[in-house]
Protein chains: 2
Amino acid sequence: MAISFQLQHRDGAARAGVLTTPHGPVETPVFMPVGTQATVKGLTPAMLRDIGTRIILGNTYHLALRPGDGLIAEQGGLHRFMGWDRPILTDSGGFQVFSLASQAKITDRGATFRSHIDGSPLELTPERVVEIQQNLGSDIAMVLDECPPGNAGPEVVRAAVRRSIVWADRCRKHHTRGDQALFAIVQGGTDLALRAECARELVAMDFPGYALGGFSVGESPDAMHAALPGCAALLPDEKPRYLMGVGRPEDLLAGVAAGIDLFDCVMPTRNGRNALAFTADGPIRLRNAKHRRDSAPVESGCPCYCCATFGRAYLHHLFAADEMLGPTLVSLHNLSFYLRLMADSRRAVADGRFAAFRAGCLARWRAGT
Amino acid sequence: MAISFQLQHRDGAARAGVLTTPHGPVETPVFMPVGTQATVKGLTPAMLRDIGTRIILGNTYHLALRPGDGLIAEQGGLHRFMGWDRPILTDSGGFQVFSLASQAKITDRGATFRSHIDGSPLELTPERVVEIQQNLGSDIAMVLDECPPGNAGPEVVRAAVRRSIVWADRCRKHHTRGDQALFAIVQGGTDLALRAECARELVAMDFPGYALGGFSVGESPDAMHAALPGCAALLPDEKPRYLMGVGRPEDLLAGVAAGIDLFDCVMPTRNGRNALAFTADGPIRLRNAKHRRDSAPVESGCPCYCCATFGRAYLHHLFAADEMLGPTLVSLHNLSFYLRLMADSRRAVADGRFAAFRAGCLARWRAGT
């Protein structure tokens with residue numbers, strides 16, 4: 001087995017565990033910084049290590065287009081290419097085909113579309129998606145799935161689920177790399193019966209891990225929070241559970257409460273590049289004039305390099321002057337915040353006080369800044 | 001005395017010494033990375049330390065405009081504001097008024113101009129330039145000088161020299177900060193007689209250090225290299241000598257040969273942001289298709305984080321994908337190259353083999369890539 005997963009603590013539906021991968025262990029619940037194009041934007045691997053990053057995410061769609069998975073394989077694989085020797089999860093590209101590519105067409109065979117870079121025609125099939133990820137050499141690969149938009153009608157969602165199940169099976173049969181785990185993706189929107197049907201068929205195929213896809217695509221946060229416990233409970237208890245592309249700090253806590261182990265989202269880095277910083281007292285906007293002479297760190301007590309070294313006035317200046325270091329430093333802090341939130345959640349689960357921990361976070365963020 | 005300077009070795013006109021400042025010692029000859037807006041673009045102070053940076057440069061003109069020298073003083077001074085606890089030299093802003101501001105007008109009183117940021121009217125006088133730099137708290141401040149363009153006629157250059165001498169004296173008389181050294185700037189273009197006249201008057205004022213200004217403003221590299229030995233010899237032997245804003249690696253070696261101790265230039269960082277990397281075998285353009293599958297480091301044997309961690313293929317990819325990390329990493333490497341060039345020059349001077357060292361560098365760069 002490429003990976004193993006040991007549950008260590010339970011607190012209601014919430015869990016704490018250890019995911020062991022070919023590139024080392026990952027304590028869960030965990031947040032995975034997003035390194036779409038073989039780089040977490042603006043941060044070096046050394047910076048990611050410094051804030052305690054254990055696993056990052058890469059993107060099959062982007063990397064297959066540029067620089068190409070064959071080139072990355074020639075360069076020794078994605079870990080070596082990007083200088084990151086801890087675990088990597090690669091998503092399958094299904095979501096990007098629908099959100100980034102133009103003229104996407106879906107058939108049972110796969111997805112054809114035009115590259116968002118140069119418009120060239122391309123195809124992703126289940127088999128090709130597995131081949132790409134085997135070339136990349138990620139620790140965890142994802143099956144190709146069809147991701148209907150959040151406002152799709154029930155028949156569209158149902159057809160996407162049927163196709164995603166068939167594609168997952170084709171991915172599984174094509175997958176050969178022994179040092180890589182292939183995770184399945186449960187779709188079905190907010191229709192719990194459809195999610196259950198999808199999960200049942202995928203669980204029967206015995207994947208080493210399962211993801212929930214199709215959240216955070218337009219539904220309300222309340223609808224997502226309401227759907228999560230039921231959806232998470234459909235997944236095998238003893239295997240890692242990954243909630244794809246979600247989300248805000250409060251969404252991560254809802255996910256942990258529902259029994260999710262793995263998270264990824266662009267929010268900490270994308271918001272960081274736009275001068276929005278997450279703190280224990282809620283988010284702050286560093287471009288705001290009130291921070292112009294504010295010598296306090298972004299978040300008091302945060303051990304990250306940004307907070308240990310600089311005041312808000314300096315960060316305000318960097319953004320006002322359009323200096324690259326601003327996006328870098330606030331991305332670093334935001335990832336530190338997300339990683340600490342998951343590490344703190346893990347300790348709270350171990351201590352049997354996760355519900356109180358979550359309520360305390362939410363109250364403090366709401367009281368806010 | 002805010003600073004002291006000890007010469008340790010001589011090799012022809014070249015020298016090796018130690019400049020002692022309130023924020024620690026600086027071995028010379030030395031290159032100062034340019035941190036115009038209180039940041040060396042894209043690099044953290046920790047990265048600058050990692051490559052052995054001993055002293056950086058800040059910019060009076062930019063910092064007075066944004067965020068304001070009063071604000072920086074309130075924040076504890078420039079060192080604390082930007083998280084850099086080693087020495088800082090601030091230039092006076094004279095050069096920037098002429099190169100960046102619009103509608104610059106010079107009178108004996110000072111320079112009036114419009115901000116390049118918002119067009120607001122501003123004035124820099126000798127007294128105000130000293131006040132700004134005392135607010136910033138740099139270890140070394142520079143006098144205000146008038147910088148005529150490289151193609152200015154002899155009368156214009158002569159008038160600028162006269163005014164720069166008067167301004168230097170006014171700066172000296174206004175300067176009170178005991179933990180800051182104020183350096184004078186010798187102007188006069190490539191007219192050695194005029195440079196000599198300027199130097200004679202400034203030397204009589206007994207500044208703790210002297211700079212050569214007005215190079216690298218349009219004259220040919222050959223003309224500059226020819227003028228440097230004579231110009232450097234005009235400056236007091238026992239005091240530090242700073243060649244402002246110069247330049248290419250071969251220009252730094254010409255400067256060291258002429259007896260210069262301090263250098264600054266935007267070339268390593270500006271070129272780094274544009275994917276041009278300096279190496280022991282000459283510069284390489286990382287956007288060039290020949291580096292697409294090149295797994296070699298930017299410069300074999302370079303100890304910097306970029307070269308120790310990544311191959312050229314990865315850097316090529318970062319620039320192709322317009323990822324921030326490319327400019328950061330190549331700026332880091334280029335500064336490492338410049339700092340090593342000066343450290344190697346220092347050792348060569350100490351060993352009495354600087355001429356051979358310089359010839360070897362030039363031959364290798366020319367044989368090139």
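This is a predicted model: local features need pLDDT of at least 70, side-chain atom pairs count only at pLDDT 80 or more; totals for chains, interfaces and linings use all residues.
Figure 1. When its neighbours within four places in sequence are left aside, His291(B) is in contact with Leu286(B), Arg312(B), Ala313(B) and His316(B). By contrast, the C-alpha atom of Ala258(B), a residue 33 places away along the chain, is separated from that of His291(B) by 37 Å.

Figure 2. Strand E7 (residues 102–106) and E8(B) run antiparallel and are joined by 3 bridges, and a hairpin of 4 residues connects E7(B) to E8(B). Within this pair, Ile106(B) stands opposite Ala111(B) of E8(B). On E8(B), pairing with strand E9 (residues 121–124) of chain B is also antiparallel and extends over 4 bridges, with Thr112(B) placed opposite Glu123(B) in E9(B). The hairpin formed by E8(B) and E9(B) has 6 residues between the strands, and Gly119(B) in its turn has a positive phi of about 75°.

**Figure 3. The contact between chains A and B.** Chain A and chain B each bring 32 residues to the contact. On the side of chain A that touches chain B, the elements giving two or more residues are helix H1 (45–50), helix H3 (69–74), helix H4 (78–82), helix H12 (305–309), helix H13 (312–320) and helix H14 (325–350) of chain A. H13(A) gives the most to this side, with 5 residues. By residue type, the side of chain A that touches chain B divides into 17 nonpolar, 10 polar and 5 charged residues. Of the interface residues of chain A, 100% are also interface residues in chain B, so the copies meet through the same surface.

**Figure 4. The nonpolar core around Val186(A).** The largest nonpolar core has 236 residues, and those with the most contacts inside it are Phe183(A), Val186(A), Phe183(B) and Val186(B). Not counting residues up to four places away in sequence, Val186(A) touches Arg195(A), Cys198(A), Ala199(A), Leu202(A), Tyr210(A), Ala211(A), Leu212(A), Gly213(A) and Leu234(A).

Figure 5. Chain A is divided into domain 1 (15–264) and domain 2 (266–369), whose centres, taken over C-alpha atoms, are separated by 26 Å. In the contact between them, 25 residues of domain 1 of chain A meet 26 residues of domain 2 of chain A. Strand E2 (14–21), strand E4 (30–32), H1 and helix H10 (249–258) of chain A each supply at least two residues of the side of domain 1 that touches domain 2, and the largest share, 6 residues, comes from H10(A). This side of domain 1 of chain A divides into 15 nonpolar, 4 polar and 6 charged residues. Trp365(A) is found in helix H15 (residues 354–367) of chain A and is partly exposed, with 19 other C-beta atoms within 10 Å. Leaving out residues up to four places away in sequence, Trp365(A) touches Pro249(A) and Gly282(A). The C-alpha atoms of Trp365(A) and Ala280(A) are separated by 6.5 Å, although these residues are 85 apart along the chain.

Figure 6. Most residues other than glycine have a negative phi, and most peptide bonds are trans. A cis peptide bond with omega of about 0° joins Thr28(A) and Pro29(A), and Pro29(A) lies in the loop between strand E3 (24–28) and E4 of chain A. In chain B, a cis peptide bond likewise joins Thr28(B) and Pro29(B), with omega of about 0°. Ala38(A), in the loop between E4 and H1 of chain A, has a positive phi of about 70° although it is not a glycine, and with 26 C-beta neighbours inside 10 Å Ala38(A) counts as buried. Asp322(B), in the loop between helix H13 (312–320) and helix H14 (325–350) of chain B, is not a glycine either and has a positive phi of about 55°, but Asp322(B) is exposed, with 9 other C-beta atoms within 10 Å.

Technical notes
Residues are numbered from 1 along each chain as its sequence is written. Chains are lettered from A and ligands numbered from 1 in the order in which they are written. A nonpolar core is a set of buried Ala, Val, Leu, Ile, Met, Phe, Trp, Tyr and Cys residues joined through C-beta atoms within 7 Å. A residue is buried if 20 or more other C-beta atoms lie within 10 Å of its own, exposed if 12 or fewer, and partly exposed in between; C-beta atoms are placed from the backbone. Two residues are in contact if their C-beta atoms, placed from the backbone, lie within 7 Å. Ala, Val, Leu, Ile, Met, Phe, Trp, Tyr, Cys and Pro count as nonpolar, Asp, Glu, Lys and Arg as charged, and the others, Gly among them, as polar. Two strands pair if DSSP finds at least two bridges between them. Domain bounds come from an automatic or database domain assignment.
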